[in-house]
Amino acid sequence: MRRPGELEPVPRRSTVEIVAAELRSAIMYGALPPGSQLGEAELATRLGISRGPLREAMQRLVQEGLLHSEPHRGLFVITLDHADVEDVYLSRLAIERAACVLVMARNRGEAVARLTEALDRLVAAARERDRVAMSDADQAFHAVLVSASGSPRLERMAQTLLVETRMCLNELQDTYPEPDELVQEHRRIVDAIADGAEERLLRLIEEHMTGSIERLRPSARPLDSDPAS
């Protein structure tokens with residue numbers, strides 16, 4: 001565990017990693033909306049890079065499942081239907097359950113400290129009733145939960161699923177929980193870890209994910225359709 005004030009090497013990121021992160025963020029926040037085509041020349045100009053690193057970064061996102069290739073047409077941002085939404089949350093459930101088991105078997109104290117900081121950010125966003133900030137804090141909380149497991153493979157799998165989750169929430173903000181409800185759901189998760197209550201923790205994670213599926217299920221329209229249509 002890092003001691004306060006201890007210096008550590010600064011991670012170096014390649015141009016490809018930086019570009020992939022920019023594209024991932026643009027997809028997550030809807031700047032590159034579902035179904036949109038990625039134009040190489042335009043993106044290279046906007047990002048101020050050559051096409052080589054851009055192509056490599058886009059291929060990474062193809063491998064992650066955030067972009068798909070259509071023969072003779074190019075690369076497109078994926079679209080998500082309601083079956084995809086359910087699959088995203090069930091996949092997250094599998095990953096976060098595994099992460100929780102590892103957290104309980106390892107350093108619970110460190111996990112609680114990190115999750116409490118993440119919860120504080122969620123509380124602040126909920127106090128302002130800022131839906132975008134709440135979504136950011138919600139995503140960050142779950143990223144910290146998986147990270148606290150100490151498993152880089154679980155982290156890698158969770159990363160793409162969290163982007164897809166945000167794509168769902170961008171289209172379906174009206175189904176998002178009320179601020180107080182969202183905070184309490186996450187507070188109970190932190191409390192279960194602090195209490196060493198693994199069975200309760202796993203039940204809470206399952207309820208959190210299946211509850212999200214239920215909240216999203218009532219909408220009958222495709223996630224990338226015009227709500228006025």
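These legends walk through close-up views of a predicted model. Local features need pLDDT of at least 70 and side-chain atom pairs count only at pLDDT 80 or more, while totals for chains, interfaces and linings use all residues. Residues are numbered from 1 along each chain as its sequence is written, and side-chain values use heavy atoms, with hydrogens and water left out.

**View 1. Three strands make an open sheet in the order S1-S3-S2.** The pairing here is antiparallel. Strands are DSSP runs (E, at least two residues; helices are H or I, at least four), numbered from the N terminus, and two of them pair if DSSP finds at least two bridges between them. At the edges sit S1 (37-38) and S2, each pairing on one side only.

**View 2. S2 and S3 form a hairpin.** S2 (residues 67-70) and S3 (residues 74-77) share 4 bridges. Look for His68 opposite Phe76 in S3. The turn has 3 residues between the strands, and His72 there has a positive phi of about 65°.

**View 3. S1 joins S3 through 2 bridges.** Find Gln37: its bridge partner in S3 is Phe76.

**View 4. The largest cavity holds about 140 Å³ of space.** A cavity is a set of points on a 1 Å grid over the protein atoms alone where a 1.4 Å probe fits but cannot get out; lining residues have an atom within 4 Å of a point. Its volume is the space filled by probe spheres set on the points, which are joined across faces, edges and corners. Of the 16 lining residues, Tyr89, Leu169, Tyr176, Ser212 and Arg215 lie nearest the centre. H9 gives the largest share, 5 residues.

Technical notes
On a 1 Å grid over the protein atoms alone, a cavity is a set of points where a 1.4 Å probe fits but cannot get out, and a pocket is an open set with protein on both sides within 12 Å along at least five of seven lines; lining residues have an atom within 4 Å of a point.
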